[in-house]
Amino acid sequence: MLHEYAIIGHKRSEIGRWLGFCSLLLAPIITGITTWLSQAPFLLTSVQERLATFTISTGVVYLSIYWLFNCYGWRWLDCILHIPNLNGHWRITGATKNQDGSNRFEWKGELVITQKWDRIAIELKTDQSGSFSETASILVKHDGESKLSYSYQNHPRPGEAELQKHQGFCELIFDISRQNAEGHYFNSLGRYTFGHMSLLKIEQEK
């Protein structure tokens, strides 16, 4: 389920003001264009009459611009806004660690990140369980790498008697290409384990 997330150093309120300013400019322009089109001789009289009386509110324009920006626009302005696009499917190889740093056991899975400007969802699927993000934040580091931090809730699959529902926290560092990532996690409140994860974007393998 998509939920809000923080982008460190990015002020969404400022973007909202710019979107509002654009809607104030565009609303009368759109209305003027439709009024001008109503004079086209090839249109039916009924269509001309409707276009001549057409007006569009600033609110409708704002909602339209917001939807476009939320779904697509923020990706195109990455070089200005510095919001890393982490959307995609990621193949994971992980290892749960012992206290001395040795591997307790290894596991594999798939991470699915669904990201918009104001919402995100991070879902991890393995053969034994699935986890879903509850809170998240993104930080663009000075070297261009991106750090995704999120808390999650894990639900074991039916038949996994050794596992039980638990909560955890994960930090992932994505390289500049955003095709690879390394990170670590720890679990609590039901399963006290920690480990390391390596991610590779699945599209890169095709």
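In this predicted model, Thr126 is placed in strand β4. The relative accessibility of Thr126 is 11%, and the residue therefore counts as buried. Apart from neighbours within four places in sequence, Thr126 is in contact with Trp107, Lys108, Gly109 and Arg157. Trp107 also takes part in strand pairing, as the bridge partner of Gly94 in β3.

The pairing of β2 (88-97) with β3 (103-115) is antiparallel and comprises ten bridges. The two strands form a hairpin with five residues between them. Within the turn, Gly101 has a positive phi of about 95°. Asp100 is also located in the loop between β2 and β3. With a relative accessible area of 65%, Asp100 is exposed. Its side chain makes a polar contact with the side chain of Ser102, at 2.6 Å. Strand β2 is joined to a further strand, β9 (residues 194-201), through seven bridges, and this pair likewise runs antiparallel. In this pairing, Trp90 stands opposite Lys201 in β9.

Trp90 is also among the residues contacted by Leu111. When neighbours within four places in sequence are left aside, the contacts of Leu111 comprise Gly88, His89, Trp90, Ile92, Ile122, Glu123, Leu124, Tyr150, Leu172 and Leu199. Leu111 belongs to the largest nonpolar core, which has 33 residues. The residues with the most contacts inside this core are Leu111, Ile113, Leu148, Tyr150, Leu172, Phe174 and Leu199. Helix α3 (residues 58-76) supplies the largest share of the core, namely four residues. In soluble globular proteins, nonpolar side chains tend to be buried together.

Two of these core residues, Leu172 and Phe174, are also in contact with Ser146. Ser146 lies in strand β6 (residues 146-156). At a relative accessibility of 0%, Ser146 is classed as buried. Beyond its neighbours within four places in sequence, the contacts of Ser146 are Pro84, Leu139, Val140, Leu172, Ile173, Phe174 and Arg178. Gly144 lies in the loop between β5 (129-140) and β6. Gly144 is partly exposed, its relative accessible area being 25%. Pro84, a contact of Ser146, is 60 residues from Gly144 along the chain, and the C-alpha atoms of Gly144 and Pro84 are separated by 9.5 Å.

Three salt bridges are counted in the model. Side chains of opposite charge can pair when their charged atoms come close. Arg119 forms a salt bridge with Glu4, in which the closest N and O atoms are 3.8 Å apart. This pair links distant parts of the chain, the two residues being 115 residues apart. Arg119 is located in the loop between β3 and β4 (120-126), whereas Glu4 is located in the segment before β1 (6-7). The relative accessible area of Arg119 is 30%, so the residue is partly exposed. Glu4, by contrast, is exposed, with a value of 59%.

Arg119 also forms a salt bridge with Asp118, with the closest N and O atoms 4.0 Å apart. Asp118 is buried, because its relative accessible area of 12% falls under the 20% limit. Glu4, Asp118 and Arg119 are thus linked in a network of salt bridges, with Glu4 exposed, Arg119 partly exposed and Asp118 buried.

A further salt bridge is formed by Lys141 with Glu145, the closest N and O atoms being 3.7 Å apart. Lys141 is partly exposed, with a relative accessible area of 29%. Glu145 is also partly exposed, at 23%.

How values were computed. Residues numbered from 1 in each chain as written. Predicted model: local features only at pLDDT ≥ 70, side-chain atom pairs only at ≥ 80, totals over all residues. Heavy atoms only, no water. Salt bridge = Lys/Arg side-chain N within 4 Å of Asp/Glu carboxyl O. Buried < 20%, exposed > 50% of the residue type's maximum accessible area, 1.4 Å probe, protein only. Polar contact = N/O pair within 3.5 Å; in protein donor to acceptor, adjacent residues only side chain to side chain. Core = buried A, V, L, I, M, F, W, Y, C linked by side-chain atoms within 4.5 Å. Contact = heavy atoms within 4.5 Å. Pairing = 2+ DSSP bridges.
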